[in-house]
Amino acid sequence: MERYIREISVEICPEPSAAHLPTPDLWDTVLAQLDDVAERLNLDPGIHILLRRPERELTVSVPVIMDDGQIQVFTGYRVQHSSARGPCKGGIRYHPDVNLREVRALAALMTWKCAVVGIPYGGAKGGVQCDPSQLSEEELCRLTRRFTAAILPILGPRRDIPAPDVNTNAQVMAWIADTVSMLEGKAVMEIVTGKPIPLGGSLGRKEATGRGVAIVTAELLKRKRRRLADTTVAVQGYGNVGSAAATILHEMGCKIVAVSDISGGLYNPAGLDIPDINRHVANHPQHLLEGYGAPGVDKITNEELLTSKVDVLIPAALEHQIRADNAADIQARMIIEGANGPTTREADEILQDRGIIVVPDILANAGGVVVSYFEWVQDLQCFFWDEEEVNRNLKKVMTRAFAEVWDFSQAQGVPLRLGAYMLAVSRVADAVRSRGIFP
Ligand code: NAD
């Protein structure tokens with residue numbers, strides 16, 4: 001063993017640098033939004049300062065023996081922004097751009113998201129700076145297990161419960177749950193959500209975010225006295241969120257006229273055959289829309305999709321797709337943010353001036369964390385629900401949250417985004433106030 005350790009050479013990965021990242025970055029944006037909301041709510045200055053700072057930040061070194069025998073040392077983070085309303089909750093992402101400020105911002109957004117839909121969690125986020133496409137399955141497994149061991153002191157089913165995020169999935173969650181269970185000598189499956197079903201995952205979790213997007217779209221149409229059958233929809237991004245949202249809205253009776261992914265877009269003003277497209281995507285080696293054809297279907301670019309003539313636009317791909325340079329050309333009257341942060345602050349002002357209704361990400365895409373909450377509840381009770389019960393409860397939570405944000409925003413005379421943030425921050429502030437400051 002000693003010889004083995006002497007023989008392997010040590011390679012340190014470059015220190016993470018935020019130098020190439022844009023300013024203002026996501027953390028600046030999150031703080032600016034909080035400051036704005038604090039002023040409007042006339043928030044106690046002490047609570048405002050408290051919410052501007054995460055409760056706890058952990059930076060860890062993650063040494064991994066690579067397949068070639070070399071050691072690489074990665075950097076990982078877990079940030080807990082607030083536990084005022086309950087255990088912290090948030091995903092873990094693996095990406096070369098992961099850095100502390102981004103993780104901190106995403107943790108704060110989780111605090112607001114859980115508060116706006118009224119589930120008893122605070123907010124957290126984690127990540128490892130790495131490029132998972134360059135790692136073998138075994139390297140990914142070792143990285144996950146070592147990262148888990150490194151952040152375990154602050155995790156726990158009543159402390160902080162991770163979930164999948166960018167480039168992590170049910171398999172990564174299974175490795176985390178197994179690592180914790182081995183280290184603690186007992187089954188601790190409730191340490192993560194988004195697990196495979198046989199390990200205590202929840203039915204309905206995979207489609208939950210897209211289903212939530214479809215539910216809030218239907219609720220908005222109801223408020224606008226629009227019939228689902230008379231509504232045309234464009235969906236950007238045909239991955240987990242976009243494809244589920246398109247499929248469920250199609251089942252509800254909407255006409256999905258445009259969809260797109262990284263390979264380009266499809267458009268048919270008479271409505272796309274979504275089940276047929278889903279069959280194509282399921283059979284495509286990279287699960288893309290690429291190569292799909294049918295009578296009446298035209299190829300369009302992603303930019304054309306964003307500005308196509310539709311009633312509802314659902315950006316469900318990446319951040320910052322709706323910007324100052326294309327916001328004036330958007331023809332949809334309603335935007336439902338399936339992705340996180342798809343609209344820049346400047347674009348948001350343009351959309352607002354043009355009277356376009358935007359359902360913000362912290363409300364529109366909260367279906368995933370809501371069903372994660374259901375998964376945790378089922379794990380703690382060791383009693384599992386059927387899919388119908390999961391979907392029924394998701395509908396109840398999303399419908400209630402939408403109504404609360406809608407009514408609050410109408411009463412305050414503010415757009416839905418501001419209304420959602422005001423409601424979320426005031427709920428977190430109430431929790432801080434009623435718990436008091438320890439000791
Ligand atoms: P995904 O990787 O499954 O799908 C992303 C889709 O976007 C793919 O179809 C991809 O081809 C497409 N895409 C990538 N680059 C594109 C480009 N330049 N133009 C057009 N399409 C492009 O990811 P996902 O889980 O569906 O997540 C999508 C968004 O929703 C992300 O912002 C994510 O943070 C957010 N979100 C996801 C969940 C969830 O439960 N999966 C929950 C909340 C928020």
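## Basis

The model is predicted: local features need pLDDT of at least 70, side-chain atom pairs count only at pLDDT 80 or more, and totals for chains, interfaces and linings use all residues. Residues are numbered from 1 along each chain as its sequence is written, and side-chain values use heavy atoms, with hydrogens and water left out.

## Helix α6

Helices here are DSSP runs of H or I with at least four residues, and strands are runs of E with at least two, numbered from the N terminus. Helix α6 covers residues 170–184. Its 15 residues, at 1.5 Å a residue, should span 21 Å, and this agrees with end C-alpha atoms 21 Å apart. The expected span is 1.5 Å times one less than the number of residues.

At the N-terminal end, Asn169 caps α6, with a side-chain oxygen 3.1 Å from the backbone nitrogen of Gln171. After α6 comes Gly185, with a positive phi near 70 degrees.

## Residue Glu219

Glu219 is part of helix α7 (residues 208–223). Is Glu219 buried or exposed? Its relative accessible area is 6%, so Glu219 is buried; the cut-offs are under 20% for buried, over 50% for exposed and partly exposed in between, with a 1.4 Å probe and protein chains only.

Leaving aside neighbours within four places in sequence, Glu219 is in contact with Thr399 and Phe402. Contact means heavy atoms within 4.5 Å.

## Ligand surroundings

An oxygen atom of the ligand lies 3.0 Å from a polar backbone atom of Ile262. A ligand nitrogen is 3.3 Å from an N or O atom in the side chain of Asn302.

Conventions. Polar contact = N/O pair within 3.5 Å; in protein donor to acceptor, adjacent residues only side chain to side chain.
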